Amino acid sequence: MKQLTLSAPAKVNLFLRVLGRRPDGYHDLATLMQPLDLADTLTARLGSPGLSLTCDRSELAGPDNLVLAAARAYYAALGREPAASFELTKRIPVAAGLGGGSSDAAAALMALNALHDGALEPRRMVELAAGLGADVPFFLAGCTAWCTGIGERVEPWPDFPLLDMVLVNPRFALSTAHVYQQFDFYWTNPHQPIRIKRPSRNATSLAQLLVNDLEKVSLEEHPTLGQIKQTLRKTGARGCLMSGSGPTVFGVFADAAQAEQAARNLRAQGRWWVRSCRGVRA
Ligand SMILES: C[C@](O)(CO)[C@H](O)COP(=O)(O)OP(=O)(O)OC[C@H]1O[C@@H](n2ccc(N)nc2=O)[C@H](O)[C@@H]1O
Ligand SMILES: Nc1ncnc2c1ncn2[C@@H]1O[C@H](COP(=O)(O)OP(=O)(O)OP(=O)(O)O)[C@@H](O)[C@H]1O
């Protein structure tokens, strides 16, 4: 039986500016995303007709799972009856601003295309990805990337420095749609640049990049996120920011040892989900 196992990495948004609202309610963005060494694992197997999914988080194993949505889209584009099964192990917190579902969807597309000997061209894969969600094309790139449009126009930035970070999730979920609905341009700084220059590898200079226009929405509704930012700073973070639509907050540290030490200290408080991690390129 043909099968393939892929890692589906989480992401953080190191920079996210909302530039405008489109008539369909989506928002134009300028965002820099970096994939992380925190990842789900997806195994795809070609087999009997139909599609099926098992997941260690059984509540996620339904037909709405983005892995199955991706597989349906893939076989429709291929013009063949679907015949695949998937096994998904979740490590990325759900509805956390870390892009877990989008990454799983991209992994499903890539696994199926590899198992079908690259039947779909890269450009078709990007179109399919964009149809599944604004963040999905980014995960096809496999490295840090500058993303515009609604997030689907991806310019890889493979030599961007990889950051040592601590992720802190307050153990509640936030809906991306809700955060965008609550967003108001009143909260943004129009003088803030919408393009970034290449920073030096120094953690302090990297931390100076950090901007997220969606952060105020969530900080206002959830004061815990402000407490998490304060606590991260006290443990030595050079800068910290909410990722995407939240609620996960990340701190940037000088090196992996400092990130691990800070993660141990924060975990000992027993309040939040905490993980030290590093940016990756495939
Ligand atoms: C917050 C981010 O993760 C930052 O990278 C993304 O912008 C969200 O990407 P995503 O979860 O893949 O987004 P989708 O699944 O396409 O859309 C979820 C919801 O977010 C809102 N949405 C998303 C992307 C965007 N550029 N503008 C939006 O307004 C829309 O209301 C949409 O109904
Ligand atoms: N494979 C999947 N993993 C996680 N959630 C999924 C998956 N497929 C569908 N979902 C649904 O998608 C919703 C959003 O989950 P996800 O973890 O992708 O959010 P997120 O990290 O905030 O995404 P983003 O940062 O792209 O906005 C969940 O509430 C869940 O019901």
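These legends walk you through several close-up views of one predicted model.

Residues are numbered from 1 along each chain as its sequence is written, while chains are lettered from A and ligands numbered from 1 in the order in which they are written. Because the model is predicted, local features need pLDDT of at least 70 and side-chain atom pairs count only at pLDDT 80 or more, whereas totals for chains, interfaces and linings use all residues.

View 1. The chain is assigned domain 1 (3-156) and domain 2 (164-278), with bounds that come from an automatic or database domain assignment. Taken over C-alpha atoms, the centres of the two domains are separated by 23 Å. Their contact takes 21 residues from domain 1 and 31 residues from domain 2; two residues are in contact if their C-beta atoms, placed from the backbone, lie within 7 Å. On the side of domain 1 that touches domain 2, β1 and β2 each supply at least two residues, and β1 gives the most, with eight residues. Helices (H or I, at least four residues) and strands (E, at least two) are DSSP runs, numbered from the N terminus. By class, this side of domain 1 has 15 nonpolar, four polar and two charged residues. Here Ala, Val, Leu, Ile, Met, Phe, Trp, Tyr, Cys and Pro count as nonpolar, Asp, Glu, Lys and Arg as charged, and the others, Gly among them, as polar.

View 2. Look for H27, G133, D135, I150 and G244, which come nearest of the 19 residues around ligand 1. A residue is near a molecule or strand if its C-beta atom, placed from the backbone, lies within 6 Å of it. At least two residues of this shell come from each of β1 (3-21), β2 (27-46) and α5 (176-182). The shell has seven nonpolar, eleven polar and one charged residues. Both domain 1 and domain 2 give residues to the shell, so ligand 1 lies between them.

**View 3. The surroundings of ligand 2.** Ligand 2 is surrounded by 19 residues, the closest being L66, G100, G101, D104 and T176. The elements giving two or more residues to its shell are α1 (66-78) and α2 (100-115), and α2 gives the most, with four residues. By class, seven residues of this shell are nonpolar, nine polar and three charged. Domain 1 and domain 2 each provide at least three residues of the shell around ligand 2.

**View 4. Helix α2 and the residue D117.** Of the 16 residues of α2, 14 are buried, so the helix is largely enclosed by the rest of the structure. A residue is buried if 20 or more other C-beta atoms lie within 10 Å of its own, exposed if 12 or fewer, and partly exposed in between, with C-beta atoms placed from the backbone. After α2 comes D117, whose phi is positive, near 55 degrees. D117 lies in the loop between α2 and α3 (122-132) and is exposed, with 7 other C-beta atoms within 10 Å.

**View 5. Two loops to visit.** In the loop between β4 (83-89) and α2 you will find A95, which has a positive phi of about 50 degrees although it is not a glycine. A95 is partly exposed, with 16 other C-beta atoms within 10 Å. In another view, the peptide bond from G246 to P247 is cis, with omega near 5 degrees. P247 lies in the loop between β9 (239-242) and β10 (249-253).
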